[in-house]
Each structure stands twice: as structure tokens, then as C-alpha cells.
Amino acid sequence: MGKCMIIGCGGVASVAIHKCCQNSEVFEGIMIASRTKSKCDALKEKLQPTTKTVIETAQVNADNVDELVALINSYKPDVVLNLALPYQDLTIMDACLATKTHYVDTANYEPLDTAKFEYKWQWAYRERFEKAGITALLGSGFDPGVTGVFSAYAMKHQFDEINYIDILDCNGGDHGYPFATNFNPEINIREVSAKGSYIEDGKWVETEPMEIKRVYNFKGVGEKDMYLLHHEELESLALNIKGIKRIRFFMTFGQSYLTHLKCLENVGMTSIEPIMYEGREIVPLQFLKAVLPDPASLGPRTVGKTNIGCIFRGKKDGKDKNYYLYNICDHQECYKEVGSQAISYTTGVPAMIGAMMIMTGTWKKAGVYNIEEFDPDPFMEALNKWGLPWEEDFNPVLVD
Ligand code: NDP
């Protein structure tokens, strides 16, 4: 069917690459291009003997538009799948525009110096992508990603209007370390140490970090503490889903994680303000990343399950209705299949599916779109087929 260039070769990319290689009919060729080429080569060496997908590798600095343009022009992919960091979104989008290549990512752009997730920078590319006749699919991970597809599916099949959405992200996994992050520590800590917020009646309501706590009993995991966080998909879902009055995002955290984080915060280790250390500038959070366990090393030691989904409340045929859509994923099963834990798995699988939707022409609109703006049905089908089956509950326990 076609060729895909994958940028980045970290935790999420590794899963997406495994999945592309299982799906050779669509992904006839992939190029893995990242900052550290040896990681790309190691993955190629492992996977090439197992797949018909032809794997190529390259070194690229994705902060540099000219380098990206030259590489895209030499490989001529149908789609660029951006699995580097959010800081690279705009340079990669610029390179896609210059080469008229479709673009897919899993996280919205964030400037390096302010921990602020907003779509405004990427939405500003709408007209240019439309004119170039190419698609940018934003947020094709799990959250954002599957949560948007779930919302579009609920809207299409279960409701006339959705008034309340609660996104619940539960990781019941245990890696045995007192403190480690499940994905890129810098991105993860920036996210959880920021103020919380949710949208009510069209306006953002801000909370202190971890101010709002609830307890929820998750199927497959059990009872967990969860905290309200700001999350990027709130912004797009509040615009794209009809009738929304309030939308919130909760994530579970264990007490050990929170105590360590508080202490690191209190001593200044989570700061993104550069400081001088022995004559050179360092960013405390980047230094912290260097001493924490590499998320990729958690795979073999993590046991337990994740349960991520959305509880919808709204109206169907004039009557009130509640509906919960979720996926349960087992850390050890993921590790057996692709050598990664469930956090990378639940992001890497939808990333592959998003690229597949564009490559097969199943999703075809020129412009910049969030995932819930496309027909959810083929994506929902693909989730069941490619390792993230979903479950429904028509009488869920609600979050107050
Ligand atoms: P990792 O840190 O494991 O991987 C990032 C990769 O990008 C590394 O291979 C890194 O190279 C490469 N990279 C970084 N900077 C550059 C650059 N300038 N040029 C080229 N390559 C670069 O991160 P994850 O795999 O955990 O996360 C990847 C993305 O997925 C992030 O944007 C994250 O926010 C997003 N994500 C989305 C989720 C969702 O549900 N939507 C959930 C989890 C993550 P090197 O190997 O040299 O360091």
C-alpha cells in the first residue's frame, strides 16, 4: 500500500514500529529516523527478519526543517508519523508542508520554555495544509487519541447530545521502583506538576496541582486514587462534541509517586528554568531525567493492567443516558508481544492505526484535524484487531 516515515525511536515509536511490521500489507516500507541512529538500527536488526515490511533507517535532527525536508524528499513517504517529542511538532509540520506529505502525531506542540499545552500553534496551520491538499491528524495516541475516537463513536451511535465527559486514565501497573515515570520523564513531570484544569460552560476552570481527588473502582484493576489534571484533548473535545457542559480528565497516582514528586518539586528538581552548575547551564528537570530509570527499562518489571476510557452522560431520544467506553491492557502481555509496557503500547498502537487511516485513504480531508473530527467506526474496528479491544458499560458508576 505505501511508505511511512517514523520520526523518533523511543518507547512509543518502538511499539508503533512493531505494529507497522505486523501490518506489512499497509506498511510496505518504513523509515525509522531519529536523533540516535543506533537505536533505529538495533530495531531494524531485530524486526527485519520477522516482517515483509522493508525497514530503512536514518539519522535526523527533527528541530531542523531543512534536514527533514531533504530526508522526506529522498524517501518520499506517504505519511510522516511524528513520535519524537512535542517540541518538534512545528518543524515536522513545516517539513510536511514543504514536501506535501501527510502528518500524524500523538501530542500537541509545546514550547520548550513554557509547560503549556494548547492547540493554537498547530491549528494555525489549517489553511496552509488545506491549500497544500494534505492532512495533519493531531493526537493519535491513547489520550489524546483513542479518547477522541471513543467520544466521536459515543456521539455517533449512543447519544443525541453529550453533556458531560469524564476521561479516566488508570495505570494499575507496578514496576517495583519507589519512583519512575512510565514515559518520557520530562514530558510526564511537566504534565503532572502543572495546574489542573477542566472546562465548564465553555470556560476553563483552573485548580491547584492535584487539588481535586476522587477514588474510583476500575474494572481489571480495583480501587485507585485519581486526580484531576489538565489534558490537551479537553480543548478540542469541548469544541467538537455537541452539547458539552463539562469535561474533565483524571489520572491515577500512587502515594509513593506523589510523595517523591512533592519532594523533588520542593527542592527545585522539577523546574524547567535553566540554572548555572559548575560553569555550564543545566535545566534541573532534564538533569532529573538523566538520573531516573529509563522508561524503556520498565517493561520487563512492570506487572498489572491499565484501564483508560471515557464516561459519557447525555441524552438519547429525550432521555438521560450514561455510557462508559474503556480499554483494559496488561503490562506483561504487551511486554511479551512487543517488548514494551502498556503505557507505550496503548500509545503506539493508535499511532500506527492513525497512520494507516491516512495511508489507506480511509480518512481523507485536507487540513489540520483532531482525531474526533473523523469517522470513528474504522478506527474502533482497528483497535479490536490490533490489540486494544474496547468494552462498554451502560450502567457505569459516575464520578461526582
Ligand atoms: P521517548 O523519549 O522515549 O522518545 C522520544 C524519541 O524522540 C527518542 O528516540 C529521541 O531520540 C527522539 N528525539 C527527541 N528529540 C529529537 C530530535 N530533535 N530529532 C530527532 N529525534 C528526536 O518518548 P516517548 O516514546 O515516551 O514519547 C513519544 C511521544 O509520544 C511524545 O511526544 C509524548 O508526548 C507522546 N505520548 C503520547 C501519549 C498519548 O496517549 N497521546 C502517551 C505517551 C506519550 P534519542 O533516542 O536520541 O533520545
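A residue is taken to be near a molecule or strand if one of its heavy atoms lies within 4 Å of it. The structure is a predicted model, in which local features need pLDDT of at least 70 and side-chain atom pairs count only at pLDDT 80 or more, while totals for chains, interfaces and linings use all residues. Residues are numbered from 1 along each chain as its sequence is written, and side-chain values use heavy atoms, with hydrogens and water left out.

The ligand is surrounded by 28 residues, the closest being Arg35, Thr36, Lys39, Ala62 and Asn184. This shell comprises 13 nonpolar, 11 polar and 4 charged residues, where Ala, Val, Leu, Ile, Met, Phe, Trp, Tyr, Cys and Pro count as nonpolar, Asp, Glu, Lys and Arg as charged, and the others, Gly among them, as polar. Of the 930 Å² that the ligand exposes when taken alone, the protein buries 90% (Shrake-Rupley method, 1.4 Å probe).

Helix H13 covers residues 342-359, helices being DSSP runs of H or I with at least four residues, numbered from the N terminus. Its 18 residues should span 26 Å, the expected span being 1.5 Å times one less than the number of residues, and the end C-alpha atoms are 25 Å apart, which agrees. H13 is followed by Gly361, whose phi is positive, near 75 degrees.

Terms used
Helices (H or I, at least four residues) and strands (E, at least two) are DSSP runs, numbered from the N terminus.
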